[in-house]
Amino acid sequence: MRSGVVALAVVLALGLASCGNDEAKLAKQAEKTKQDEAAVEQAVAASKGGDFQAALTLLRPLAEAGYKSAENNLGRLYFDGTGVPENDEEAVKWFRLAADKGSAEAQYNLATAYENGNGVMQDIEQALKWYRLAAQQGLPQAEVNLGRMYDEGLGVAQNPLAALRWFSAAAAKGDPQAQFNLGSMYGTGRGVPKNDAEALKWYSLAAGKGFAEAQYTLGSFYEDGTGVMQNYAEAMRWYRLAAAQGHPGAQNNVGRLYADGLGVPKDNVKTLMWFNLALPGLRGEDASNALTFRDEFASGMTRQQIAQADALAMRCRDSGFMNCD
């Protein structure tokens, strides 16, 4: 009887020792993971600060050891050519290693490489596959691009309802591109009943985050009175915000409002200045119409006014569209 008790005690002791060893091993692994994560964060901070060599020194050994976050970030260095010569093939190699381990960011990066043919043969189906995997993990950028592929029918049957679902998921996380896309769908009635008020809501959210295309579109809503009371001063405010980011359509519209004295006092010099700024970025019929208007408008101005407009345009452009008044 006692021998059985002793034997049981020995087994229990061995089991407890084994559990203790497992716990110690798990604790050690957790500490190592914590250190690796801290090193990757340090590398990302160094990269953002412009110290790409430090980032590379930190990332390479971790990536070569198979740490997926390091693999993805090392791939970004090669993709952007920061700290190392630009090499899309090398970038894709590291993205793929991390993507296979389940990194949503790497899956997204690999998807964009396949979509654009960077470092790999262009393959829309592969792009769709990797966008979907990243989107299923809740990565907003992937949700936006997966929604876009459904919206445009790229690699998959066109499906506005699926696009709406993925845009909504990313928009709920505050992604401005997704919010703009939702605004566009509600504004055009694509995949959802047309609703100008709902479109205005989503455009406003994206515009408030500094999304230039949304600011431009919101300006047009206020100028035309779409889903909101017509307000030229508010239209000018949003056009100016988009124009300050180099949006040529917004710059064109700022000039047009100055020409007509809508929301601002009429000003011929500023009209010509903004048309001169907008023209290099306009394309097709927009460029042709703006050029015709600009030339006809300038024909009624003095040489001194034209020279003043040219000087103001140069100052505005050289200041990154900040010093334009």
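This is a predicted model: local features need pLDDT of at least 70, side-chain atom pairs count only at pLDDT 80 or more; totals for chains, interfaces and linings use all residues.

**A close look at a helix pair**

Guide: Happy to! The chain has 16 helices and zero strands, and buried residues account for 42% of its 325 residues.

Now to the part I have picked, the meeting of helix α13 with helix α14. Helix α13 covers residues 248-260 and helix α14 covers residues 268-278. Their axes lie 8 Å apart, and the two helices pack at an angle of about 165°. Because angles over 145 degrees count as roughly antiparallel, that angle makes α13 roughly antiparallel to α14. If you follow how one passes the other, the crossing of α13 and α14 is left-handed.

Which residues make the contact? From α13 come P248, Q251, N252, V254, G255, R256, Y258 and A259. Facing them, α14 brings K270, T271, W274, F275, L277 and A278. Sorted by class, the residues of this contact divide into eight nonpolar, four polar and two charged.

The crossing of α4 and α5 is left-handed. On the α4 side, the contact is made by V92, F95, R96, A98 and A99, while α5 supplies A106, Q107, N109, L110, A113 and Y114. By class, this contact has eight nonpolar, two polar and one charged residues.

Before you go, there is one more feature to find, this time a bond. The structure holds one disulfide. A disulfide is a covalent bond between the sulfur atoms of two cysteines. In this chain the partners are C316 and C324, with their sulfur atoms 1.9 Å apart. The torsion about their S-S bond is about 65°, so the disulfide is right-handed. Are these cysteines buried or exposed? Both C316 and C324 are buried.

So that you can find your way back to the part we began with, look for α13 and α14, whose axes are 8 Å apart, and then for W274 and F275 of α14, which are among the residues in that contact.

How values were computed: Residues are numbered from 1 along each chain as its sequence is written. Side-chain values use heavy atoms; hydrogens and water are left out. Axes are lines fitted to C-alpha atoms, for helices over the stretch in contact, and angles run from 0 to 180 degrees between N-to-C directions. Helices (H or I, at least four residues) and strands (E, at least two) are DSSP runs, numbered from the N terminus. Angles under 35 degrees count as roughly parallel, over 145 as roughly antiparallel, 65 to 115 as roughly perpendicular and the rest as oblique. A crossing is left-handed if the near helix is turned anticlockwise from the far one by less than a right angle, and right-handed if clockwise. Contact means heavy atoms within 4.5 Å. Ala, Val, Leu, Ile, Met, Phe, Trp, Tyr, Cys and Pro count as nonpolar, Asp, Glu, Lys and Arg as charged, and the others, Gly among them, as polar. A disulfide is a pair of cysteine sulfur atoms within 2.5 Å. Buried means under 20% relative accessible area, exposed over 50%, partly exposed in between (1.4 Å probe, protein chains only).
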